[in-house]
Amino acid sequence: MSIDATAGAFQRSRTVPVHRALPSLVRDPVNALAEIGRRAKGEVVRLDLGLFRPYLVTHPDHVQRVLRAEWTAYRRDGMFWRPLRRMIGASVLGEDEPWESGRKVLQPLFTRRYIATIAGEMAKVITDCVSRLDEHAQAGRPVDGMEEMSRIVNRAVIRVLFGGRITVEEGERLAPAYDTAATSINFRLLMPFMPYSVRVPGDRAFMKAVKTVDDVVFPVIREARVEHGESNDVISALCRVGREDGGTELDDRQIRDNLVSVYGAASESTAMTLTWLWPLLDAHPNVAAKLYEEIDRVVGAGPVTPEHLPELRYTNMVLQELLRLYPAGWIFPRMAARTTELGGMRIKAGSQVLISPYASHRLDEFWERPLEFDPERFAPGARDGAHRYSYFPFGGGPHQCLGKHLFYVEAPLIVAAVLSRFRPEVAAGPYTPFPAASLRPREKVMMNLVPLRHAPGAAA
Ligand code: HEM
């Protein structure tokens, strides 16, 4: 048998046919992908969905090649990126020049050191937002976990991006608009071959959301431009580009595209990640008890400040494990720019390659009991020697997430602010993943917040 024939047979054996893949992909796409990856034991597989035949890439060696070693051969295009581009434009979330220039401007604003300069103010914003839950807690009124996490994260992120240039009311128009965009993209996410000349469910809501975002953002950009401000918010930094060194300034559209991209990347992802935390804690009382003990000991009645962060070690382990099981960026596809080979499969130019940390983080070959929530996996030293790309909630290579340091300041501040005031009770699950742009529970996460006796405002 010739090598080509052997390769052909191999390709065929690694193809999951439409009749096997489609029913479960329609029912529960997120877990169906993960299950296909688990059955293939990390081998590259092709999903034959008729008009759409993407490759699922889960093995850490292969993920590393796509995201890092051969990243120029795999571009952010096609599925997911094309529909999203109608919201984010040409920006740091794209490729080529818009990505390069966006990344160059934004990177210095998200370093550990830079984030430390705004952490104090962020902690105050978070404490203020969380204290507004007292009223619901005192009245014994359950709150919607996703809504509340979005409200809190939104206020914190808006501070980082816009400084004081935007009112709370304007800021609160952004979150629901972006949320509508993230969920109404669903049809196009799952049917990427559908031409844009054909209206599909969700299109109208998506475009309306884009208009709302533009109505809020453009006037703020114009105002920031004339002010020539030196503030440390992202919008001021984008307006300063080219001003001091005589280079080319960004136009309003370029500023808008980068701002809206970072807003989306920063707010949805963090809010959805934190929404998953509460049902998980409820289902794992031993983890919850350890977390409560740490926050009681380190933060007490609060308010939480950035000085507490180095002591919140277990909180950090919980967040890492949370991002293993529920990585908000559950899928970030690539399109092969040229014909290549990966794991013995020939990937033809123009094919879609699916990278899914949700699926990779569930491989038995790299994780013991991968479906169990167990923060001890991230105890000091526990991951020594592990493959760098067996765990990649923030991606990797040149497109690696810019917001990792921000996440590890913002998220523990929010968790500590909530748990220094309340003990949450959540209705028993199951909570199943819904495949929006950021992974979220399909079901509402209703939370009863029981006030702690030491918390300000709690009944004596
Ligand atoms: C739970 C929190 C977050 C998760 C799980 C997450 C995940 C990711 C992932 C997987 C990528 C890589 C995308 C790719 O390779 O195509 C990415 C890129 C990016 N993220 Fe995040 N992210 C989070 C929070 C943030 C925050 C807080 C920011 C705020 C600055 C941010 C800004 C970005 C940007 C600008 C990129 C594009 C980087 C580039 O292409 O050069 N993210 N993120």
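This is a predicted model: local features need pLDDT of at least 70, side-chain atom pairs count only at pLDDT 80 or more; totals for chains, interfaces and linings use all residues.

Residues are numbered from 1 along each chain as its sequence is written, and side-chain values use heavy atoms, with hydrogens and water left out.

**Stop 1: the iron.** Select the iron atom of the ligand and look for its protein donor: there is a single one, Cys-401 (SG), 2.3 Å away. Donors here are N, O and S atoms within 2.8 Å of the metal (3.2 Å for Na, K and Ca), and since water is not among the atoms, sites may look incomplete. Cys-401 itself sits in the loop between α17 (357-360) and α18 (404-419). Helices (H or I, at least four residues) and strands (E, at least two) are DSSP runs, numbered from the N terminus.

**Stop 2: Gly-42.** Jump to the loop between α3 (29-39) and β2 (45-47), where you'll find Gly-42. Gly-42 has 1% relative accessibility, so it counts as buried (buried is under 20% relative accessible area, exposed over 50%, partly exposed in between, with a 1.4 Å probe and protein chains only). Skip its neighbours within four places in sequence, and Gly-42 is in contact with Gly-37, Thr-58, His-59, His-62 and Leu-363; contact means heavy atoms within 4.5 Å.

**Stop 3: Glu-268.** Now pick Glu-268 in helix α14 (residues 252-283). Buried or exposed? At 7% relative accessibility, Glu-268 counts as buried. Leaving out residues up to four places away in sequence, Glu-268 touches, among others, Tyr-178, Asp-179 and Arg-440.

**Stop 4: α10 and α12.** Show helix α10 (residues 168-184) with helix α12 (residues 203-227): their axes come within 8 Å and cross at roughly 155°. Axes are lines fitted to C-alpha atoms, for helices over the stretch in contact, and angles run from 0 to 180 degrees between N-to-C directions. α10 and α12 are therefore roughly antiparallel (under 35 degrees is roughly parallel, over 145 roughly antiparallel, 65 to 115 roughly perpendicular, the rest oblique).

**Stop 5: α15 and α18.** Finish with helix α15 (residues 285-298) and α18, whose axes come within 10 Å and cross at roughly 90°, so the two are roughly perpendicular. Color Leu-291, Tyr-292 and Ile-295 in α15, which meet Val-415, Ala-416 and Leu-419 in α18.
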